[in-house]
Every structure is written in structure tokens, then in C-alpha cells.
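Q: I would like to learn how to read features from a model, one at a time. Where do we begin?

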Amino acid sequence: MNTALTIAGSDSSGGAGIQADIKTMTANGVYAMSAITALTAQNTTGVTGIMEVTPEFLGKQLDAIFTDIYPDAVKIGMVSSSGLIEMISNKLKEYKVEKVVVDPVMVATSGSKLISDEAIETLEKKLLPLATVITPNIPEAEVLTGMKIFSEDDMIEAANQINEKYGCNVLLKGGHQVNDANDLLYRDGGFVWFKGKRIDNPNTHGTGCTLSSAIASNLAKGYDLDQSVKYAKNYISMALAAMLDLGKGSGPMNHAFKISGNYEEGLLDG
């Protein structure tokens, strides 16, 4: 069985972060492992508390994983301090990890920054150059480039700048800020659009975590980057189309839309 590791924070409501990553990886047919960067107290209406782990403890988690069940791919989500980012980059280099998906979570949906300028600088210098692909949304790409993005041509220019600056492939997510659901994959000096159909579902908590984890799962299974992105977009579209409606705010999607959950007849019956 192929294996994947998520390095991210915990979401106590289960819709994003580590919990969404593990559900996504499992649904996409790989064995999921996790190294937790922070505990959060959150639900569909917001975050009320964050407690980070120390860089040393994060390092111990990563050592435990890499020395026993080596992951075929790694997804990295929100990491909000320089010390944690440095520890992750050191361990990726120490264990010679080749397939790395970074979801550079820096800007909230409201537009407010989620990590400090110092942490962003460390992310740019230490982690992004190690990535196979990064998956910024429009506000995050604006932070990484310093330019405003208003059109699909702007998306191409921003992705090109990110690719040249950090040496990594870029999946720049369009969303309704620029287009309905068309994402731009910039790789190998060229680009390809992945067209999507906007699904009228207000419950989008954890979509970024889910997409990046699905890409990592497909890379772990040996698909190339284009196929991995295509299959990941298919998965997230179907998870949204299942129209799960939980919580009082922007709820989670149904990561397990293809799982029936019925096991009346077991292998040991009869």
C-alpha cells in the first residue's frame, strides 16, 4: 500500500487540517500518517484557540515516521512559526523526501494574515524551494509575488514569478475571485489549465487542505503531477457535490462520499 504523510495542525471540528488530510488520503487509497504542528480549538464558525507544539517535538514525530514507515509523499499545511518551518525543512532534507506538496496557508478567507512576516520569510527561503508543487490561492500568490491578481493573465504571470523565484511547480487556484473554479498548473516552463465547474455549496471548510492532500495521495501512488492534479480536482468536486450540511458556519465537505459504511456481511460470517 502506498503511504502519505501530512504535516499540519489539528482541526477539532474535523473539516480541515490533519483530520481532513487523513480522511482525504484514506478515501484516495493511501495509508495516511500525521505529524501535528498545533492543536486548535475550532469549529465551522471560527478558531478560538491555538496551541503549537515545539520544534523539538515536531522533529521527534517526523523521526518516528521516517525511520519506520517511510512516506511516498508528504503534504505540508499551515505552519505558523519559523522554528517549525525550519525543523520541517531540515527533516525533509535529512530523509531525502522527493514528493512534497506545500499548501502555503498564509491568508484567511477574510483577508487577514495568519502567520508573521518572519515566518513567511522562512517559508520562502527554507520550504518552498523543496516543494514538488505549491498550491496557493489568489491572496497567497499576491503575498508571494507582491502583485495584484485580477485576471487569468495575471494568474499566469504570478505563477511564472513564483516558479522562477522558488524553483517549484505552482498550482494557482482561481476560485470565484477570478473565475469559477479554474486552476492553473505552471510546471516545466509551461502551464495547463484545469477547468472546473462551480458547485453551489456554501460549505467549503477545508477545501485547500483537501485538494493538496489529494494531490499528495496521487503522487504517492505514482501518478505524474498533471494526473495527480486532475484526479484531485475530480475528488474535491464530488466531495462538494455530495452537499453535506453540518454546523452553524461554513461546514465541511463529505470526504467519504463513496464509502457506504455498511458491513453487515463480514469475511468471517458463515
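A: Begin with strand pairing: two strands pair if DSSP finds at least two bridges between them. Strands themselves are DSSP runs of E, at least two residues long, and helices are runs of H or I, at least four residues long, both numbered from the N terminus. In β9, the bridge partner of Tyr186 is Phe191. This is a predicted model: local features need pLDDT of at least 70, side-chain atom pairs count only at pLDDT 80 or more, and totals for chains, interfaces and linings use all residues. Residues are numbered from 1 along each chain as its sequence is written, and side-chain values use heavy atoms, with hydrogens and water left out.

Q: How many bridges join β8 to β9?
A: There are 5, and β8 runs antiparallel to strand β9 (residues 190–194). The two strands form a hairpin with 2 residues between them.

Q: Which strand is joined to β8 by 4 bridges?
A: Strand β7 (residues 169–173), also in antiparallel fashion. Lys173 has Asp183 as its bridge partner in β8.

Q: How should I read the two faces of a strand?
A: In a regular strand the side chains alternate between the two faces of the sheet. In β8, Asp183, Leu185 and Arg187 are on one side, with Leu184 and Tyr186 on the other. Both faces are covered.

Q: What is the idea behind a salt bridge?
A: Side chains of opposite charge can pair when their charged atoms come close. The cut-off here is a side-chain nitrogen of Lys or Arg within 4 Å of a carboxyl oxygen of Asp or Glu. A search of the whole structure finds 8 salt bridges.

Q: Which residue forms a salt bridge with Asp183?
A: Lys233, with the closest N and O atoms 3.0 Å apart. This pair links distant parts of the chain: Asp183 is in strand β8 (residues 183–187), Lys233 is in helix α8 (residues 225–241), and they are 50 residues apart. Asp183 and Lys233 are both buried.

Q: What is the partner of Asp226, and how far apart are the closest N and O atoms?
A: The partner is Arg187, at 2.8 Å. Asp226 lies in helix α8 and Arg187 in strand β8, so the pair ties together parts that are 39 residues apart in sequence. Arg187 is buried, with a relative accessible area of 19%. Asp226 counts as partly exposed, at 24% relative accessibility.

Q: How is a salt bridge read within one helix?
A: Take Glu94 and Lys91, whose closest N and O atoms are 3.3 Å apart. They are separated by about one helical turn, because they are 3 residues apart in helix α3 (residues 82–94). Lys91 is buried, at 11% relative accessible area. Glu94 is partly exposed, at 45%.

Q: Which residues are linked with Lys91 and Glu94 in a network of salt bridges?
A: Asp63 is linked with them.

Q: How is a pocket defined?
A: On a 1 Å grid over the protein atoms alone, a pocket is an open set of points where a 1.4 Å probe fits, with protein on both sides within 12 Å along at least five of seven lines; lining residues have an atom within 4 Å of a point. The second largest pocket is lined by 13 residues. Among them, Ala27, Asn28, Tyr235, Met238 and Lys258 lie nearest its centre. Helix α8 gives the most to this lining, with 4 residues.

Key. Buried means under 20% relative accessible area, exposed over 50%, partly exposed in between (1.4 Å probe, protein chains only).
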